[in-house]
Amino acid sequence: MRKLIDNNTTPGFSTKSVGTSKKHESADRHVTGKARYIDDMPEPAGLMHAAVAMSDTARGIIRTKDVSAIKAFPGVVDVITAEDVPGHLDIAPVFEGDPMLAHQQILFHRQPWCALLSTSTNIARKAAGLGKLEVDAEKPDLDIHQAHQKQNFVRPTHQMKQGDFEKSSASAAITVSGEVKIGGQEHMYLEGQVALAIPEEEDRISIYTSSQHPSEVQKLVAEVLNIKLHKVTVDMRRMGGGFGGKETQAAQWACIAALLAVRNRCPVKLRVPRMQDMMLTGKRHPFQNSFTVATDEQGVIQATQANINGLCGHSADLSEAIVDRAMFHCDNAYYLGAADIVGYRCRTDTVSHTAFRGFGGPQGMVLAEAMIEAIARKTGEDPLTIRQRNLYGGAGRDTTQYGMKIEHNNLPDLIQRLTESSEYWQRRESIKQFNQQNTVLKKGLSLTPVKFGISFTAKHLNQAGALVHVYTDGSVQVNHGGTEMGQGLHTKIQQIAANEFGLDIEHIEVTATRTDKVPNTSPTAASSGTDINGKAVQNACLTIKQRLADFWAEQNQGNSDAVTFKDGVVSLDKAQIPFADLVQLAYMNRVSLSSTGFYKTPKIHYDRTTGTGRPFFYFANGASVSEVTLDTLTGEYRVDRVDILHDVGTSLNPAIDIGQIEGGFIQGMGWLTTEELLWDDNGRLLSNNPATYKIPAIGDTPREFNVELYPYPNEEDSIYHSKAVGEPPLMLAMSVWCALKDAISSLTDYKEDPKLDPPATPEKVLKAIQALPADSLTVEVLSR
Amino acid sequence: MISFLLNNEPIHISNIDNNCTVLEWLREDKKLSGSKEGCGSGDCGACTVVLAEINKSDDGLNYKAINSCITFMSALDGKQLLTVEHLEEQSQLHPVQQAMVDKHGSQCGFCTPGFVMSMFALYKDRSKGSNDDLNRDNIEHALSGNLCRCTGYRPIIDATLQACDQPAPDKFSKTESDVVQSLKALPDNQGVDGLHLPKSRTELAALINKYPDARLVAGSTDLALEVTQMYKILPQLISTRYVPELNSLTIDNKHLVIGAAVTYSQLQDTLLNEYPELNELLTRLGSLPIRNQGTLGGNVANASPIGDMPPVLLALDATLTLDDGEQSRSLPVQDFFLDYKKTALRSGEWLRDIRIPAKVNASFLSAYKISKRIEDDISAVCAVFNLQVENGVVSNLRTGFGGVAAIPSRCAALETAITGETWNRETMLKGKAILANAFNPIDDVRATAQYRKDMLVNLWQRFWLESQNHNHTELRVLQHA
Ligand SMILES: Cc1cc2nc3c(=O)[nH]c(=O)nc-3n(C[C@H](O)[C@H](O)[C@H](O)COP(=O)(O)OP(=O)(O)OC[C@H]3O[C@@H](n4cnc5c(N)ncnc54)[C@H](O)[C@@H]3O)c2cc1C
Ligand code: FES
Ligand code: FES
């Protein structure tokens, strides 16, 4: 049934470029400091620097905006407020509610209400502190539970329903309920938000932005300036990290810079300092999810009811789709039986939360794993056994809560392999022994799977464009709609184009993403970058190849179908010609050497009125096993060992794929362990810098970290049968959270399911230990 | 003037904004944009550069990674500044760069120049002589100040192993003696307007007298944040790095005398030689670049209730020497901290040195730090216990705590109650009861008051367990101690 990569997908497959661990296309420039980020670009003549002034209150009606002190500050040349915006003030991506600068109302603490331009960054930042904003302050609503109670939602509630929950749960042997509060996450891309706007002739403008969505920046800049889109060109070479945090959140800075540039007829740079970046941009949504799940005696799920609450902040931003994705993923890899899933988008007076690797999926999947853990402790079975029993598969157990049939489910096999390679059951025994012998330290072990749906759930976004040029020396320039943020997209694209033309990758240059090369692009998000842009690039290459093949066949009176492109040579039977020579010949014979390419993902649809459909082209799967040791006196812990088996289909570049898996895992581990966002009662973000918000450091990487790729191709017709890898590995880190719960549960001989809301900081771990019912403890616990 | 080598180019600066950081100077004045700003607060390492200085034996160079974003220009005087742009040799990558490429150590690449420079410092450090095998501990130590949000670090660890395990001579080895000569040829400088480099305590006193609003700068790892994070303007800065009394490190049979401007990296061997128990706390204080710059004196003078060294000094009964250029006086460290960030320093006075008593035989010392992240994090609670037991009876107990009050504090109630008791479980429990109510800590971003209280009690219990742990059961999750 399973086939290895189909060598005949395209004529002339060359294994030299695709499927090998080519280095990142910018690797040499990264290590020498030559890779240019926006703040590194040579400054254009007359460059001025912008900064924003921020509100000290979280909510209220604005009475006055006083910018006189800013204006008077030496070096300040211009100040703007909302009133100065010629076009749209609202720069919300999908719905509405995200003003470029606060207008009549303050919506969250530190909301920018004025922007200024000055001769240096230092002056700009100092002057920004001098603005005076008077607000009739109101008490901010910060609590997700309250927002739900008050029906204070940024978007309507959505429901997914299969079967009859009441009926199916009534007869069940076991019913468990629970709730899990899940923290948000700061993106902490190492390169902060930044934009550079350069006015061109008359009303034209060029924008350099660190954005995952150049086309949207183009649109919003045009709307703010009240000009047509064709006057705006956006250029995006690389980001110093994005992770979703530059999907919608990059636009504001570009728009402000653009307006200041146009008003003052000078280039403008706006670089947001780290602390402001952390306070002013949206984060991963905190969630509060509850469930009731009914199972048979074996712990096999019969019915599931779940309430999913996303804390969206003050506006919708992308929250509609994010909470949808949480709902789509609250099954993780398990059949939920009769399911009734309701998703709420709660509004609070905080910064508007946004995309972050996984896009709500992780918060849904944590609910699924919380259910499994609760069932396992109730039945007394090892959680792994419960997980395996509940995986999709078997008659009547293969349809999701949104009515999609699960095909090609490789998780049972994948988990079996990982169980063996990680020696799960042997280690389970030695951990039990360790725990009996050590009174202070306790170990925990957990295996958790990941099943992540690939495609944008907004169907129209599943399209991509490319533009490929072949030059007369045989070198190739490729442009496409995707953006490079470190994920290695351009490297994979380079490999794809090289493979298509049968060239070494040195002949392929992938250039900056530009709205004047490929228009109307989708954001580089939803892990889709390589899937859709790779196909679009392939299609562009195929068009050019077809022309060259036709031409070469005509020259040799042969059949163009028999022409191959391999190792730099184009062949038709005995008629061989170096690629570059053929290109020159074709050029002399007036054959077009440039083409666009287009791709749209097939098969997908979703009907929001019924809550059913096939929103995903396929699923990317994986599983991980984590072992932790925790200190019952302090709640401190370490992750001893992690084993991962992950499914990327046929890997286009194993090194890059493994890099995504490891990086995603560690980022997910940070989200679930040390990365704690805290706001005070006034809506002020307390964890507002890297000194107070702790992402994993080098010592947090597990000492034993085994990562393997699951060696089978994607059954769907994706680019060379590979699978998307950007987001899914983040959720592999759930095994760390579950292993911590497992270690705590060991204090009760695995009878209690401890309540450990992520992020599981040492403090929360200790609290979970202290909260275990006294009569459940089976060993002495020193901290009680 | 301030004089230094930028790679091999002598630079003499006679006029510069005194608040300018090395990173700003590199990026804005020199247009060397390889070093990045990720945070501007010393937390991420994207700005890491290396300073080479003449070693103690006067014949070679020591290379130290520092955070250029929180370093003022005065720190460069007399040194060689190396950035990521300087490592290549005729467009041939340096071994640390090549290893990062080979091991796929960069994804978005923004952290990479910083990592490369930390790796380079390790490379040079290990080039000096015979080495043990490079292991995870050494690597974590060397790269503790660099954050990467993309890779998960594994490829970076592998790259460091590849490059730094057996470092071969590199292009800097060839020019080392020339650089030593060039550094020696640099003039003796006084600094620039607003950024002074006094050479003696008399000069220091005179400057303080002349500029009463001046701030002293040692490593600037606290002070610079006022500029880069709070956008303050510091009109006058006086660097203590050339004042001899503040830069000496001596041992007599009674005391370690640590000049206030001695960095953690400089004092580490001496202090740990006497008190190896402090290894964990010292290596978890900030990151390597922070310890390369930061000083014990700065930690004390900063008087933060969450500084890590004051609790140690309290528990070790250290004394401080304060000086105003004419008179010096000595003060037990516990009398130094008056109130939140308020110290006993009089106007015109500075901290000269810290005197730590030599170790008493049969003492049992532990210094514990509780933080969300093990590496490079600020303590939620720091607890230090220094106990002497004679014939099973406690003859002396000294304690020091951080994060539980407005100032670093001892717990006198505990010390008195325990002294004279048999060191057994009952005594431990008695101590628990006292510590449970000894302090009224606050809720903040690092921990709740309750957790802090719990930690006081539980760390005391850990201390007892460790003192009883004769069969060496594993009691800590920490892997590197
Ligand atoms: C990323 C990062 C991590 C950190 N982690 C830790 C940590 O884990 N634990 C910890 O305790 N600290 C930590 N710190 C804080 C800081 O590094 C230490 O407090 C350090 O010891 C300060 O020393 P310094 O030489 O840099 O002081 P400086 O910044 O130079 O000076 C600090 C203050 O002391 C004054 N001062 C300096 N010398 C004297 C003197 N001789 N007499 C009188 N006043 C003087 C200065 O005017 C200034 O007000 C961290 C800082 C950063 C940026
Ligand atoms: S820029 Fe982050 S440490 Fe300097
Ligand atoms: S490679 Fe992106 S932060 Fe390290």
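Leaving aside neighbours within four places in sequence, A:Ala257 is in contact (C-beta atoms, placed from the backbone, within 7 Å) with A:Ala50, A:Ala195, A:Leu196, A:Ala197, A:Val268, A:Lys269 and A:Leu270. This is a predicted model, in which local features need pLDDT of at least 70 and side-chain atom pairs count only at pLDDT 80 or more, while totals for chains, interfaces and linings use all residues. Residues are numbered from 1 along each chain as its sequence is written, and chains are lettered from A and ligands numbered from 1 in the order in which they are written.

A:Ala257 is also among the residues with the most contacts inside the largest nonpolar core, which has 332 residues. Such a core is a set of buried Ala, Val, Leu, Ile, Met, Phe, Trp, Tyr and Cys residues joined through C-beta atoms within 7 Å, where buried means that 20 or more other C-beta atoms lie within 10 Å of the residue's own, again placed from the backbone. Helix H7 (residues 251-264) of chain A gives the most to this core, with eleven residues; helices here are DSSP runs of H or I, at least four residues long, and strands are runs of E of at least two, numbered from the N terminus. A second, separate core of 40 residues includes A:Ala464 and A:Tyr720.

In chain B, eight of the eleven residues of helix H5 (residues 154-164) are buried, so this helix is largely enclosed by the rest of the structure. Among these buried residues are B:Ile156, B:Ile157 and B:Cys164, and what covers them includes helix H17 (654-672) and strand S29 (704-709) of chain A, together with helices H2 (95-102), H3 (112-126) and H4 (136-142) of chain B.

Technical notes
A residue is buried if 20 or more other C-beta atoms lie within 10 Å of its own, exposed if 12 or fewer, and partly exposed in between; C-beta atoms are placed from the backbone. Two residues are in contact if their C-beta atoms, placed from the backbone, lie within 7 Å.
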